[in-house]
Amino acid sequence: MTIIKDNLATVELQILQACQQASRARDEVCLLAVSKTKPAADIEQAYQAGQRAFGESYVQEAVDKIIQLQHLKDIDWHFIGPIQSNKTRQIAEHFSWVHSIDRIKIAKRLNEQRCHQDTPLNICLQVNISNENSKSGVTIDELDELTEYIDSCENLILRGLMAIPQKNAQQESFDKMHQLFDQYQNKYPQMDTLSMGMSADLHPAIKAGSTMIRIGSAIFGARNY
Ligand SMILES: *Cc1c(COP(=O)(O)O)cnc(C)c1O
């Protein structure tokens, strides 16, 4: 019962140490608890331990859990997985953040389908920073066009950039992301979120300026797919 609570405390300590070593304040880094494949009961345990931001990657599974946990009114749900266009309506209705936007078509649908909500959808653009053919994310060349598009959407607010770097090139990719983030933040001052770092690489991510780490297995244990 207390494992998730203990894991959260351990992750918190890791974040604190990474912030100290990088001479950053602890409150510059948000912790997103990635609960994909884990049951609603696990999310509730993390909630009881004080966690409020949760990340999900599979729309149907996520929406089922969001409905089960409706009584926890102040959870912030973040969508971080690949997006198919037939799933955008559910994302627009149930989530407050999306980290994985990489094309205009999806942004356009989310903007149209968000119109029933009081608040705009918070958007991070996923950058294919290691330039892998198989990975999702925009290339650096496409970022100008996509940021301009998001900025023009009434029901979307451009909050930042997200990346999942290749295993062997994390520090270099994180540093590159930080540069890009600075550059776009100059143009769009409302950008305040650099979403990078997972269980295995939160330390280098925080060192490179991450403001939101997405931690799954270190909190909820290994996933069985
Ligand atoms: C699953 C996932 C995570 C969390 O990964 P862990 O290694 O379990 O911490 C973070 N970001 C994204 C986009 C994910 O899909």
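Which residues in α5 meet which residues in α6? On the α5 side they are Ile 104, Ala 107 and Lys 108. Their partners in α6 are Glu 145, Leu 146, Tyr 149 and Ile 150. This is a predicted model.

**The helix pair**

Helix α5 spans residues 104-113, and helix α6 spans residues 143-151. Their axes lie 10 Å apart. The two helices pack at an angle of about 10 degrees. Angles under 35 degrees count as roughly parallel, so α5 is roughly parallel to α6. By class, the contact of α5 with α6 has 5 nonpolar and 2 charged residues. No polar residues take part in that contact.

**The ligand site**

Which residues are around the ligand? They are Val 34, Lys 36, Ser 57, Ile 80, Ile 164, Met 198, Ser 199, Arg 214, Ile 215, Gly 216, Ser 217 and Arg 223. Among them, Lys 36 places a polar side-chain atom 2.7 Å from a ligand oxygen atom. Ser 199 and Arg 223 also have polar side-chain atoms by a ligand oxygen atom, as the table shows.

| Residue with the polar side-chain atom | Distance to an oxygen atom of the ligand |
|---|---|
| Lys 36 | 2.7 Å |
| Ser 199 | 2.5 Å |
| Arg 223 | 2.8 Å |

How much of the ligand's accessible area does the protein cover? On its own, the ligand has 390 Å² of accessible area. The protein covers 88% of that area.

Definitions and conventions: Residues numbered from 1 in each chain as written. Predicted model: local features only at pLDDT ≥ 70, side-chain atom pairs only at ≥ 80, totals over all residues. Heavy atoms only, no water. Axes fitted to C-alpha atoms, helices over the stretch in contact; angles between N-to-C directions. Helix = DSSP H or I, 4+ residues; strand = E, 2+ residues; numbered from the N terminus. Parallel < 35°, antiparallel > 145°, perpendicular 65-115°, else oblique. Contact = heavy atoms within 4.5 Å. Nonpolar A, V, L, I, M, F, W, Y, C, P; charged D, E, K, R; others polar. Near = heavy atom within 4 Å. Polar contact = N/O pair within 3.5 Å; in protein donor to acceptor, adjacent residues only side chain to side chain. Areas by Shrake-Rupley, 256 points an atom, 1.4 Å probe, with all protein chains shown as cover.
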